[in-house]
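Colleague: I would like to learn how to read a few features in a model. Please give the general idea, then the case at hand.

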Amino acid sequence: MPGSTPAIARPYIGGQAVLEGVMMRAPWSFSVVVRRADGTLLVRERAMDRVVRGASRWPFVRGVASVAESLRLGSEALRFSVEQMERDLAGTAQAGPGVGILGAFTVALLAMVTGNGESPVPAKERDGRRAGTWLMLVVAVGFFVAIPQVAAAAVNRWLGLSLAVQSGGFQVLTGVFKLAVVVGYLLLIRRVPDIRRLFQYHGAEHKTITTYEAGEPLTVAAARPKTTMHPRCGTTFLVMVALVSILVFVCIGAALPRIHTGSALLDNLAFFAEKLPFLPVIAAVTFELQRLLARYASTGPLRFLLAPGFLVQRITTAEPTDDQLEVALASLRATLFREDEGLHAGAGEDDVSFPTYDAFLAAERLRQAA
């Protein structure tokens, strides 16, 4: 059964919460399971044509590729879950958080903060989705880079601090606003009932992956007592990006070409342009740093290094119900079946619906016996 494989042979698993569901991914497989309004489980799973060659495997380079692909794959899974919710709400008086209401930024942010681990890099189905991915990356840069810098410039002017845009003090101020934008927005959207439930599924995803990594049976009973925190969470990644960006720009700010146009607005625009080429570097450094911390600081005296990320995860995760754990477990089991059986090629199967979790488990047993 999935979950009983010796730890040394286990594939690396990542995941993400979606609306009323969970996405899981392994090196060669991908699945999304959502619970429909009538209680049924809708499963979408397929093989991943994992093509990772040359420079894509190098340290630091792999981080940039993984972040971009995680955003693309996670956004696809979120949109799939939104479609199912909209179908369930069609013809009712209820209103759900449709894609238009969520907006590009919220979809991008949720894809990042509820993600967990690196993403495979599939070669298929990319071309038709690249434009949307680039749009979300642009929106993310605007919220995580442009808005914090504008806020820092405004405070710098209002308080008469006279900090140069390339000074260490200005970079610290900008970093503070980066965290404030992310944390403030997360606190705001957490008040939306459907987003609150998504954060419960985020907790279910973490509990399920922790159970798998511990080598325990993939059951509700085994997953229930696990923590909702995970060191490889996308929430922790965003917090670390803000902290790493402070260090990077404090170190390199003074070394960049001096900016003094006589206009505070032009100075800020020029420095914003100077910072853009360093964003992939920050993402790559943060990716490698998070991998190291997840491996060596999850337990022991270095665990305090994960504290900032865990603190913000208290916003983006919540204690799940057993029904939500069933969805996360079903998603991981569906992913592991294809992975364990070596089904690394071929088109994905059609979406399959199961009336209950027990029915899903029964079908899984039949597939294993075939």
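Colleague: Are Phe354 and Phe360 buried or exposed?

Modeller: Buried means under 20% relative accessible area, exposed over 50% and partly exposed in between, with a 1.4 Å probe and protein chains only. Both Phe354 and Phe360 are buried. This is a predicted model, where local features need pLDDT of at least 70 and side-chain atom pairs count only at pLDDT 80 or more, while totals for chains, interfaces and linings use all residues. Residues are numbered from 1 along each chain as its sequence is written, and side-chain values use heavy atoms, with hydrogens and water left out.

Colleague: How many aromatic pairs does a search of the whole structure find?

Modeller: A pair of aromatic rings is described by the distance of the centres and the angle of the planes. Rings of Phe, Tyr and Trp (its six-membered ring) pair if their centres lie within 6.5 Å; planes under 30 degrees apart count as stacked, over 60 as edge-to-face and the rest as tilted. The whole structure has four such pairs. One of them, Phe249 with Phe271, is edge-to-face, at 6.4 Å centre to centre with 70° between the planes. Phe249 belongs to helix α7 (residues 234–252) and Phe271 to helix α8 (residues 264–275), so their pair ties together parts 22 residues apart in sequence. Helices here are DSSP runs of H or I with at least four residues, strands are runs of E with at least two, and both are numbered from the N terminus. Phe249 and Phe271 are both buried. Phe354 and Phe360 also form an edge-to-face pair, with 5.4 Å centre to centre and 90° between the planes.

Colleague: Which residues do ring pairs link into a cluster?

Modeller: Phe249, Phe271 and Phe278 are linked this way.

Colleague: Where is Glu326, and what does its side chain make a polar contact with?

Modeller: A polar contact is a pair of N or O atoms within 3.5 Å; within protein, one must be able to donate a hydrogen and the other to accept it, and residues adjacent in sequence count only if both atoms are side-chain atoms. Glu326 is in helix α11 (residues 322–340), and its side chain makes a polar contact with the side chain of Arg35 at 3.1 Å. Glu326 is buried, at 18% relative accessible area.
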